[in-house]
Amino acid sequence: MYNVLIMEIYSDRRRNERRNDSRGSTPRRGVSRRRDARLNRSFNVSVLDYDGKTVNISARGVYLEATTNDIGEFSIGKSLPIIINLDTYIPEDPKRKYRLGGRGSVVRNSLIQHSNQTNSLGVALEFTEKLQY
């Protein structure tokens with residue numbers, strides 16, 4: 001009986017210590033969960049037959065705003081072709097344009113309402129293949 005009582009107290013203490021442990025799987029407030037750095041640049045992008053602009057881009061994916069209300073075309077898990085048009089300036093080279101193409105899987109989508117009564121769709125894509133230029 002005495003051993004059972006000690007085991008119950010000990011297990012409660014360990015459970016509470018784990019509950020308050022900051023090394024858990026949930027990140028603390030203000031700590032980013034992103035694995036890759038984001039580049040907050042706006043590039044022209046085409047997904048399916050829709051045009052839009054990137055909000056940010058990283059090595060693993062892109063978040064973009066597409067000019068459409070059709071959230072069904074961008075359902076979560078769907079694999080979509082994507083083309084990103086880049087304009088760059090390198091001092092040694094004249095202004096060059098690159099066109100990156102590949103595929104991405106929809107991770108997140110949301111309808112964005114603008115102040116001028118128009119809507120667009122915010123779409124997060126995770127690249128499923130290396131982009132080609």
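Student: How many strands make up the closed barrel, and in what order do they run?
Tutor: This is a predicted model. Its closed barrel has 6 strands, in the order β1-β2-β3-β6-β5-β4, and the pairing is antiparallel. From one strand to the next, the twist averages 40°.

Student: What else is in the chain, helices and strands?
Tutor: The chain holds 1 helix and 6 strands. Along the sequence the pattern reads α-β-β-β-β-β-β.

Student: Take β2 and β3. How many bridges join them?
Tutor: There are 5 bridges between β2 (residues 50-57) and β3 (residues 61-66), and the two strands run antiparallel.

Student: Which residue in β3 is the bridge partner of K53?
Tutor: K53 has E65 as its bridge partner there.

Student: Switching to S120. Where is it found?
Tutor: S120 sits in strand β6, which spans residues 119-127.

Student: Buried or exposed, and why?
Tutor: S120 counts as buried because its relative accessibility is 5%, and the cut-off for buried is under 20%.

Student: What does the side chain of S120 make a polar contact with?
Tutor: With the side chain of H114, at 2.8 Å.

Student: And which residues is S120 in contact with, leaving aside neighbours within four places in sequence?
Tutor: The contacts are E65, A66, T68, N69, S110, L111, I112 and H114. What share of residues is buried?
Tutor: Of 133 residues, 26% count as buried. The chain exposes about 10,300 Å², with carbon and sulfur atoms supplying 48% of that area.

Key: Residues are numbered from 1 along each chain as its sequence is written. This is a predicted model: local features need pLDDT of at least 70, side-chain atom pairs count only at pLDDT 80 or more; totals for chains, interfaces and linings use all residues. Side-chain values use heavy atoms; hydrogens and water are left out. Two strands pair if DSSP finds at least two bridges between them. Helices (H or I, at least four residues) and strands (E, at least two) are DSSP runs, numbered from the N terminus. Axes are lines fitted to C-alpha atoms, for helices over the stretch in contact, and angles run from 0 to 180 degrees between N-to-C directions. Buried means under 20% relative accessible area, exposed over 50%, partly exposed in between (1.4 Å probe, protein chains only). Accessible areas come from the Shrake-Rupley method with a 1.4 Å probe; for residues, only the protein chains shown count as cover. A polar contact is a pair of N or O atoms within 3.5 Å; within protein, one must be able to donate a hydrogen and the other to accept it, and residues adjacent in sequence count only if both atoms are side-chain atoms. Contact means heavy atoms within 4.5 Å.
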